[in-house]
Amino acid sequence: MDQWKGKVAIVTGASSGIGAAIAQALVHHGMVVVGLARRQENIQKLAEDLSKEPGKLYALKADMRKEEDILAAFEWVEKELGGADVLVNNAGLAKFNYIQDGKTEDWRNMWEVNVLSVTICTREYLKSMEKRKNQKGQIFIINSLAGHTTEFLTANMYIGTKHAVKAIAQCLRRELAEKNSTIKVTNISPGLTKSEATEGFLSRMEDSQAFLEAADVANAVVDALSTSSVTQICELIISPIPNKHVY
């Protein structure tokens, strides 16, 4: 990770769970991290807790459903920090229901956060990289095992969004390859992960059911960043053991 010391990373959905763990891990390795989330105060508290770490965490308020918030955040990063070298698209939203019982607003919010915000952030990141003629960078999409299955019936629309961003990542790699770009794209798909968002779900599960910790996913991001300049980890599926949902 020495190659990334002092470099700038943007992490969306950084106020809790996987996003907070990723921000913490990158700061620990000396990166300058800008965390985006609606609950800016949570990121600010984490920044204070990490004040003695080698890197630094900045907290920006941004609703990932609002393009104006995303654009303002990227403008701030470029103006104040010179632009981002790493982008971690982590923000996500899940609402579970059978299709016949689903609510349009829930579906719309999932597509806006899980898919549209990913493409907007990626577009703005790439535009900034091109403007700065920077080819040493990496884009992460924190996906899910749901992006590799259609097994969980009440997760229908959530599964759809995760399949969508997996396809977008594949298309993006081809797009960058056509341009002879060395910017890497890594799609990380963890299984069930303990976080604030999954507390209710985990409480209804059997005691024997295994799950990941947010730090496990953060470690995967660090591992992918630590590869050589000619190595691209395209797809990383992380599953707890034991787990019957292995792909």
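The following legends describe close-up views of a predicted model.

**Figure 1. Packing of helix α1 against helix α7.** In the predicted model, helix α1 spans residues 17–28 and helix α7 spans residues 214–225. Their axes come within 8 Å and cross at roughly 45°. That angle makes α1 oblique to α7, and the crossing of the pair is right-handed. On the α1 side, the contact is made by Gly17, Ile18, Ala21, Ile22, Ala25 and Leu26. On the α7 side, Ala214, Ala215, Val217, Ala218, Val221, Val222 and Leu225 take part. Sorted by class, the contact of α1 with α7 holds 12 nonpolar residues, 1 polar residue and no charged residues.

**Figure 2. Packing of helix α4 against helix α5.** Helix α4 (residues 104–131) and helix α5 (residues 156–178) have axes that come within 9 Å of each other. The crossing angle is roughly 15°; angles under 35 degrees count as roughly parallel, and α4 and α5 are therefore described in that way. The crossing of α4 and α5 is right-handed. From α4, the contact draws on Trp107, Met110, Trp111, Asn114, Val115, Val118, Thr119, Thr122 and Leu126. From α5, the contributing residues are Met157, Tyr158, Gly160, Thr161, Lys162, Ala164, Val165, Ile168, Leu172 and Leu176. The contact of α4 with α5 comprises 13 nonpolar, 5 polar and 1 charged residues.

**Figure 3. Surroundings of Met157.** Met157 belongs to helix α5. With neighbours within four places in sequence left aside, Met157 is in contact with Trp107, Met110 and Trp111. Met157 and Phe96 are separated by 61 residues in sequence, while their C-alpha atoms are 7.9 Å apart in space.

**Figure 4. Packing of helix α3 against helix α4.** Helix α3 covers residues 67–81 and packs on α4 at an angle of about 25°, with the two axes 10 Å apart. Because this angle falls under 35 degrees, α3 and α4 are roughly parallel to each other. The crossing of α3 and α4 is right-handed. The α3 residues in the contact are Glu67, Ile70, Leu71, Phe74 and Glu78. They meet Ser117, Ile120, Cys121, Arg123, Glu124, Tyr125, Ser128 and Lys131 of α4. The contact of α3 with α4 divides into 6 nonpolar, 2 polar and 5 charged residues.

Figure 5. A search of the whole structure finds 0 disulfides. A disulfide is a covalent bond between the sulfur atoms of two cysteines. For Cys171, the closest cysteine sulfur is that of Cys234, at 13 Å. A disulfide requires the two sulfur atoms to lie within 2.5 Å, so this separation is too far for a bond. Cys234 is likewise in no disulfide, and its nearest cysteine sulfur is that of Cys171. Cys171 is exposed, with a relative accessible area of 53%, whereas Cys234 counts as partly exposed at 32% relative accessibility.

**Figure 6. Asn97 in the loop between β4 and α4.** Strand β4 comprises residues 86–89, and Asn97 lies in the loop that joins β4 to α4. At 35% relative accessibility, Asn97 counts as partly exposed. Residues up to four places away in sequence not counted, Asn97 touches Gly102, Leu153, Thr154 and Asn156. The C-alpha atoms of Asn97 and Gly17 are 23 Å apart in space, and the two residues are 80 apart in sequence.

Figure 7. Most residues other than glycine have a negative phi. Lys133 has a phi near 55°, a positive value in a residue other than glycine. Lys133 is located in the loop between α4 and β5, the latter comprising residues 138–142. With a relative accessible area of 74%, Lys133 is exposed. Asn180 is not a glycine either, and its phi is also positive, at about 55°. The loop that holds Asn180 runs between α5 and β6, with β6 formed by residues 184–190. Asn180 is exposed, with a relative accessible area of 69%.

Technical notes:
Residues are numbered from 1 along each chain as its sequence is written. This is a predicted model: local features need pLDDT of at least 70, side-chain atom pairs count only at pLDDT 80 or more; totals for chains, interfaces and linings use all residues. Side-chain values use heavy atoms; hydrogens and water are left out. Axes are lines fitted to C-alpha atoms, for helices over the stretch in contact, and angles run from 0 to 180 degrees between N-to-C directions. Helices (H or I, at least four residues) and strands (E, at least two) are DSSP runs, numbered from the N terminus. Angles under 35 degrees count as roughly parallel, over 145 as roughly antiparallel, 65 to 115 as roughly perpendicular and the rest as oblique. A crossing is left-handed if the near helix is turned anticlockwise from the far one by less than a right angle, and right-handed if clockwise. Contact means heavy atoms within 4.5 Å. Ala, Val, Leu, Ile, Met, Phe, Trp, Tyr, Cys and Pro count as nonpolar, Asp, Glu, Lys and Arg as charged, and the others, Gly among them, as polar. Buried means under 20% relative accessible area, exposed over 50%, partly exposed in between (1.4 Å probe, protein chains only).
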